[in-house]
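I opened the notebook to look up a few things in a structure I had not seen before. The entries follow in the order I made them.

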Amino acid sequence: MSSDDKDKTQARATLVALVVVGLLALAATVLALPLLGEATDGIFSAGVGLKDAAVISFFVTMALLVVFAISSGDGLIGELQFILGGFFSFFIVIWLLIAWIF
């Protein structure tokens with residue numbers, strides 16, 4: 001048996017093995033679809049509403065801005081004009097993201 005015949009035999013065996021693995025993967029995917037459907041029900045179910053997200057966003061924004069003000073060095077009074085603008089910006093963004101994601 002020549003080297004070329006050995007290569008052909010090995011290539012055919014590899015092809016058969018790949019086809020079998022592909023068919024097994026396809027069968028596993030088809031059998032797993034109902035389980036995937038149940039798993040995605042929890043992800044896409046109704047979550048936090050806009051009212052609850054607003055309350056959560058208020059406290060998260062307040063905590064975040066207090067940390068920013070203390071770490072800025074001037075304290076709460078020196079940064080008041082920036083904190084007020086930042087509060088509304090952060091509040092709206094965090095509020096909508098919480099309502100959207102959760």
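I needed one definition before anything else: helices here are DSSP runs of at least four residues, numbered from the N terminus. With that settled, I looked at what follows H2 and found Gly 73 just after the helix, with a positive phi of about 105°.

Entry on confidence. The model is predicted. I looked up the mean pLDDT of the chain, which is 84, and 89% of the residues reach 70 or more. Confidence is highest in helix H1 (residues 3-43), at a mean of 87, and lowest in helix H3 (residues 75-78), at 62. Where pLDDT is low, the predicted coordinates should not be read in detail.

Entry on the overall make-up. I counted four helices and zero strands in the chain. The elements run α-α-α-α from the N terminus on. Of the 102 residues in the chain, 13% are buried. The accessible surface comes to about 8100 Å², and 76% of it belongs to carbon and sulfur atoms. Among contacts with a separation of 6 or more, 73% are between residues 24 or more positions apart.

Entry on H2. I noted 23 residues in H2 and a reach of 31 Å from the first C-alpha to the last, close to the 33 Å expected at 1.5 Å a residue. Which residues of H2 are buried? I found Ala 53, Ala 54, Ser 57, Thr 61, Leu 65 and Ala 69. An α-helix has 3.6 residues a turn, so residues three or four places apart point the same way.

Entry on Thr 61. This residue lies in helix H2 (residues 50-72). Is Thr 61 buried or exposed? I count Thr 61 as buried because its relative accessible area is 0%. Leaving aside residues up to four places away in sequence, Thr 61 touches Phe 87, Phe 90, Phe 91 and Ile 94.

Entry on Ile 98. I placed Ile 98 in helix H4 (residues 80-101). Its relative accessibility is 13%, so Ile 98 counts as buried. Beyond residues up to four places away in sequence, Ile 98 touches Ala 53, Ile 56 and Ser 57. I also looked up Gly 47: its C-alpha is 9.5 Å from that of Ile 98, though the two are 51 residues apart along the chain.

Entry on the surface. I found a nonpolar patch of about 490 Å², made by Leu 15, Val 19, Leu 23, Leu 26 and Val 30. I checked Leu 26, which is found in helix H1. Leu 26 is exposed because its relative accessible area is 54%, over the 50% cut-off.

Note on methods: Residues numbered from 1 in each chain as written. Predicted model: local features only at pLDDT ≥ 70, side-chain atom pairs only at ≥ 80, totals over all residues. Heavy atoms only, no water. Helix = DSSP H or I, 4+ residues; strand = E, 2+ residues; numbered from the N terminus. Buried < 20%, exposed > 50% of the residue type's maximum accessible area, 1.4 Å probe, protein only. Contact = heavy atoms within 4.5 Å. pLDDT = per-residue confidence, 0-100. Patch = residues over 30% accessible without salt bridge, like charges linked within 9 Å, V, L, I, M, F, W, Y side chains within 5 Å. Areas by Shrake-Rupley, 256 points an atom, 1.4 Å probe, with all protein chains shown as cover. Salt bridge = Lys/Arg side-chain N within 4 Å of Asp/Glu carboxyl O. Expected span 1.5 Å × (residues − 1).
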